[in-house]
Amino acid sequence: MTAKEPKDIIATFSIVGYDPAAQEWGVAVQSKFLAVGAVVPFAKAGVGAIATQSMANTAYGPDGLALLEKGYSAEEVLNMLIKDDPDRDMRQVGIVDAKGGSASYTGKDCYEWAGGVTGPNFAAQGNILVGEETVQAMAHTFQEATGTLAERLIKALDAGQNAGGDRRGRQSAALLVVREKGGYGGYNDRAIDLRVDDHPDPIKELERIYKLQQLYFSPPKAEDIVPITSELKEELIRELTRTGFIKDGTKTLTDDAFYKALTTFFHTENFEEREQPRGQIDMAVVHFLRKMPSA
């Protein structure tokens with residue numbers, strides 16, 4: 001950090017995106033800044049997504065979403081946010097609206113390299129970067145990548161890092177994806193809300209916990225639901241015994257005792273979302289059980 005780069009500047013790169021098919025909006029961000037996920041990303045299902053950074057004005061998040069909800073476009077909201085902001089020359093913000101319209105702003109006093117790229121359904125931006133290649137890589141990857149919105153956002157973030165990233169280094173990353181009733185139990189719209197607050201390789205760590213999030217909370221795949229055959233039951237009994245969920249031996253183990261142990265495993269490991277009717281099991285959970293350490 002030079003004398004011209006104060007500590008409260010959020011040197012970062014981010015991408016906001018929209019998936020019209022899944023009706024999801026999201027933000028992915030990485031920075032040489034502690035807990036960047038607490039500052040930069042904002043999103044609301046059916047409304048849009050916003051990333052506010054550089055000398056971040058966190059009011060841009062809720063205020064911008066409120067304006068988007070009234071029907072203003074991303075470009076209109078951007079202009080309204082910066083119009084009366086005396087520090088707008090130090091701000092950086094990316095916005096995608098309910099229809100995928102996008103806008104990105106980089107104030108003229110943001111520290112180099114700083115800038116952004118927009119296109120249908122996305123806006124990528126960054127400041128104090130190694131170079132322009134970071135935002136270009138994010139934009140290209142987001143447009144070309146396949147998979148869910150979350151997967152495309154993470155791939156774009158990783159491409160930005162590989163192209164240079166934040167020239168001060170790495171520290172934190174975050175991923176926020178919203179969808180109507182997408183949260184736990186359907187009670188809110190936060191389908192994915194993950195943060196890596198302090199890590200030497202935050203994007204790779206974000207990828208790791210994203211995979212865990214999918215294991216715990218994504219709907220089971222139909223092809224993974226299988227009957228508990230006698231052979232599979234024998235393996236499950238061995239694994240449940242090895243991991244301590246069956247403690248009283250297996251010679252006299254009743255069917256009810258087996259399913260009680262299986263249910264205890266599911267609830268202890270927070271796999272309620274993947275529970276199946278008696279006689280069936282999700283193989284994703286079996287794979288997890290096989291890798292668990294012994295009791």
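Reader: Is Lys233 buried, exposed or partly exposed, and what is its relative accessible area?

Author: The model is a predicted one, in which local features need pLDDT of at least 70 and side-chain atom pairs count only at pLDDT 80 or more, while totals for chains, interfaces and linings use all residues. Residues are numbered from 1 along each chain as its sequence is written, and side-chain values use heavy atoms, with hydrogens and water left out. Buried means under 20% relative accessible area, exposed over 50%, and partly exposed in between, with a 1.4 Å probe and protein chains only. Lys233 therefore counts as partly exposed, its relative accessible area being 23%.

Reader: Which residue forms a salt bridge with Lys233?

Author: A salt bridge is a side-chain nitrogen of Lys or Arg within 4 Å of a carboxyl oxygen of Asp or Glu. For Lys233 the closest N and O atoms of the pair are 2.4 Å apart, and the partner is Asp255.

Reader: Where do Asp255 and Lys233 lie, and how many residues apart are they?

Author: Helices (H or I, at least four residues) and strands (E, at least two) are DSSP runs, numbered from the N terminus. Asp255 is in helix H7 (residues 255-268) and Lys233 is in helix H6, so the pair links distant parts of the chain, 22 residues apart.

Reader: At what angle do H6 and H7 pack?

Author: Axes are lines fitted to C-alpha atoms, for helices over the stretch in contact, and angles run from 0 to 180 degrees between N-to-C directions. The axes of H6 and H7 are 11 Å apart. Angles under 35 degrees count as roughly parallel, over 145 as roughly antiparallel, 65 to 115 as roughly perpendicular and the rest as oblique. H6 and H7 are oblique, packing at an angle of about 60°.

Reader: Which residues in H7 meet those in H6?

Author: Contact means heavy atoms within 4.5 Å. From H6 come Lys233, Leu236, Ile237 and Leu240, and the residues in H7 that they meet are Asp255, Phe258, Ala261, Leu262 and Phe265.

Reader: At what angle do the axes of H6 and H8 cross?

Author: Helix H6 covers residues 230-242 and helix H8 covers residues 283-291. These two helices are oblique to each other. Their axes come within 10 Å and cross at roughly 40°.

Reader: How many charged residues has the contact of H6 with H8?

Author: In H6, Leu232, Glu235, Leu236, Glu239, Leu240 and Arg242 take part, meeting Met283, Val286, Leu289 and Arg290 in H8. Ala, Val, Leu, Ile, Met, Phe, Trp, Tyr, Cys and Pro count as nonpolar, Asp, Glu, Lys and Arg as charged, and the others, Gly among them, as polar. By class, this contact has six nonpolar residues and no polar ones, and its charged residues number four.

Reader: Which residue pairs with Glu69 in a salt bridge?

Author: Glu69 is in helix H1 (residues 60-69), and its partner is in strand E3 (residues 41-44), 25 residues apart. The closest N and O atoms are 3.0 Å apart, and the partner is Lys44.

Reader: How many salt bridges does the count come to?

Author: One of them joins Arg91 and Asp87, with the closest N and O atoms 3.8 Å apart. By the rule already given, the count comes to 17.
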